[in-house]
Amino acid sequence: MECRPQCGACCIAPSITSPIPGMPEGKPAGVPCVQLDEDLRCRLFGKPERPAFCGGLQPNLEMCGERQAHALQWLGDLEKATLPATQHIR
Ligand code: SF4
Ligand code: SF4
């Protein structure tokens with residue numbers, strides 16, 4: 001499947017622990033990446049500065065669903081399910 005225009009859910013919902021240009025500590029879950037442009041596309045696409053994590057997320061129907069709200073929910077649930085045990089206490 002193709003990445004949906006004007007979505008950006010997978011650049012908002014997940015946490016990214018590696019540095020991103022403009023976000024040296026990485027990105028907290030639920031915070032839009034600073035590299036998203038006004039069309040919710042990645043400014044770093046195809047560049048070596050793009051975190052490896054991002055290239056590992058490929059569009060697929062289970063994650064992306066029919067609309068952004070589905071993808072935000074799905075990725076948010078995944079984020080909670082994969083948090084290290086110590087972070088569940090917060
Ligand atoms: S969740 Fe899917 S459709 Fe939305 S930006 Fe990511 S890959 Fe594209
Ligand atoms: S670097 Fe690009 S692909 Fe990765 S989260 Fe940011 S906008 Fe999305």
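**Core, ligand shells and backbone**

Modeller: Leaving aside neighbours within four places in sequence, cysteine 64 is in contact with Met1, Arg4, Pro59 and Ala71, where contact requires C-beta atoms, placed from the backbone, to lie within 7 Å. This is a predicted model, in which local features need pLDDT of at least 70 and side-chain atom pairs count only at pLDDT 80 or more, while totals for chains, interfaces and linings use all residues. Residues are numbered from 1 along each chain as its sequence is written, and chains are lettered from A and ligands numbered from 1 in the order in which they are written.

Biologist: How many residues make up the largest nonpolar core?

Modeller: Such a core is a set of buried Ala, Val, Leu, Ile, Met, Phe, Trp, Tyr and Cys residues joined through C-beta atoms within 7 Å. A residue is buried if 20 or more other C-beta atoms lie within 10 Å of its own, exposed if 12 or fewer, and partly exposed in between. The members include Cys10, Cys11, Cys33, Cys64 and Ala71, and the total is ten residues.

Biologist: How many residues of the shell around ligand 1 are nonpolar?

Modeller: The residues around ligand 1 include Cys3, Cys7, Cys10, Cys64 and Ala71, a residue being near if its C-beta atom, placed from the backbone, lies within 6 Å. Ala, Val, Leu, Ile, Met, Phe, Trp, Tyr, Cys and Pro count as nonpolar, Asp, Glu, Lys and Arg as charged, and the others, Gly among them, as polar. The shell has one polar and one charged residue, and the nonpolar number is eight.

Biologist: Around ligand 2, how many residues are nonpolar?

Modeller: Among the residues around ligand 2 are Cys11, Cys33, Gln35, Cys42, Arg50 and Cys54. One residue of this shell is polar and one is charged, and the nonpolar count is nine.

Biologist: Is glutamine 6 buried or exposed?

Modeller: Glutamine 6 lies in the segment before helix H1 (52–56), helices being DSSP runs (H or I) of at least four residues, numbered from the N terminus. Its phi is positive, near 60°, in a residue other than glycine. Because 9 other C-beta atoms lie within 10 Å, glutamine 6 is exposed.

Methods: Contact = placed C-beta atoms within 7 Å. Helix = DSSP H or I, 4+ residues; strand = E, 2+ residues; numbered from the N terminus.
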